[in-house]
Amino acid sequence: MSLDSFYEVVEQVSETLYYKALTVIPRDVIERIRKAYETEQSELGRRVLDTIVKNIETATKRSLLVCQDTGTPVYSVELGDLELSLPKLRNSITNGVRKATLKYHLRPNMVHPLTRHNTGDNTGKNSPIIHFEINDILENKIRITALPKGSGSENMSSLKMLRPADGILGVKKFILESVVNAGGKGCPPYIVGVGIGGDFELAPYLAKKAVIRPLGSKNTDYEGARLEEELFYLINNLGIGPMGLGGKFTALGVHVEMAETHISSLPVAINIQCWRGERASAEINFDKTVSYIGD
């Protein structure tokens with residue numbers, strides 16, 4: 001099989017995933033929002049959640065964008081046991097973003113950081129942002145996830161290089177302070193991604209990976225899973241509530257991802273994702289067959 005045709009499939013899938021992530025809210029997110037509506041005690045909070053549910057239903061029925069912010073195009077590419085060209089994969093995904101932006105008239109968000117010149121199609125230097133990672137479980141296929149990241153929630157994300165002496169209490173304090181600082185500015189109820197360990201570069205990536213995980217999933221590390229449960233409880237007792245108007249549900253979920261770190265370091269990053277939880281994934285087999293995850 002010509003590998004050129006494989007890269008053409010990657011381009012088509014990347015285009016589809018970008019638009020799909022902006023128009024189809026993942027089932028696990030919808031279920032968690034409906035459950036929150038049923039148990040929210042704040043009247044204002046219930047009204048906000050009701051509006052969110054109606055927004056989702058309308059967008060689904062009419063194939064409309066759920067939000068006007070088409071986000072920063074971010075992709076996660078998990079590579080199985082395949083010999084592929086990373087530059088060609090990058091070019092295919094970039095072409096997919098460009099085509100989706102022009103075809104569906106998506107808002108072009110990406111600009112030069114200093115001149116603010118807009119490239120017009122959401123591509124440019126290091127845009128889209130693509131993370132490549134080896135996944136030993138995948139055989140003869142790759143998995144691509146599109147995560148268009150809206151600025152409202154992304155701007156509430158942060159990183160702190162804690163001292164090891166700060167310990168787990170320091171980690172929890174930083175996460176809670178970050179959520180309090182975000183308040184209603186990032187469109188809660190949030191999906192909170194936490195990255196612990198690694199270094200200055202890896203911790204934020206782990207936090208972003210954490211928001212991709214389906215709601216209801218747990219960290220495979222016992223201590224990580226315990227921290228997820230505790231942070232979920234603590235954040236939902238802050239009283240920020242849906243859209244910051246008060247209530248029981250400030251977070252739909254809290255996910256923690258970890259990595260080994262230096263003996264004298266304790267990096268912690270938090271990535272805030274708004275209630276939409278926008279993500280879409282697909283697996284592409286070497287024979288070019290495609291499976292869209294969650295369909």
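How many aromatic pairs does a search of the whole structure find? The search returns three, where rings of Phe, Tyr and Trp (its six-membered ring) pair if their centres lie within 6.5 Å, with planes under 30 degrees apart counted as stacked, over 60 as edge-to-face and the rest as tilted. The model is predicted, with local features requiring pLDDT of at least 70 and side-chain atom pairs pLDDT 80 or more, whereas totals for chains, interfaces and linings use all residues. Residues are numbered from 1 along each chain as its sequence is written, and side-chain values use heavy atoms, leaving out hydrogens and water.

Phe-6 and Tyr-7 form an edge-to-face pair, at 6.2 Å centre to centre and 85° between the planes. Both Phe-6 and Tyr-7 are buried (under 20% relative accessible area; exposed is over 50% and partly exposed in between, with a 1.4 Å probe and protein chains only). Ring pairs join Phe-6, Tyr-7 and Phe-286 into a cluster.

Tyr-19 and Tyr-104 are stacked, with 3.7 Å centre to centre and 10° between the planes. Tyr-19 belongs to helix 1 (residues 3–23) and Tyr-104 to the loop between helix 4 (86–103) and strand 2 (129–134), so this pair ties together parts 85 residues apart in sequence. Helices (H or I, at least four residues) and strands (E, at least two) are DSSP runs, numbered from the N terminus. Tyr-104 counts as partly exposed, at 29% relative accessibility.

Five strands form an open sheet in the order 2-1-3-8-9, with mixed pairing; two strands pair if DSSP finds at least two bridges between them. Strand 8 (residues 280–285) and strand 9 pair in the antiparallel sense over four bridges, and Glu-283 stands opposite Ser-291 in strand 9.
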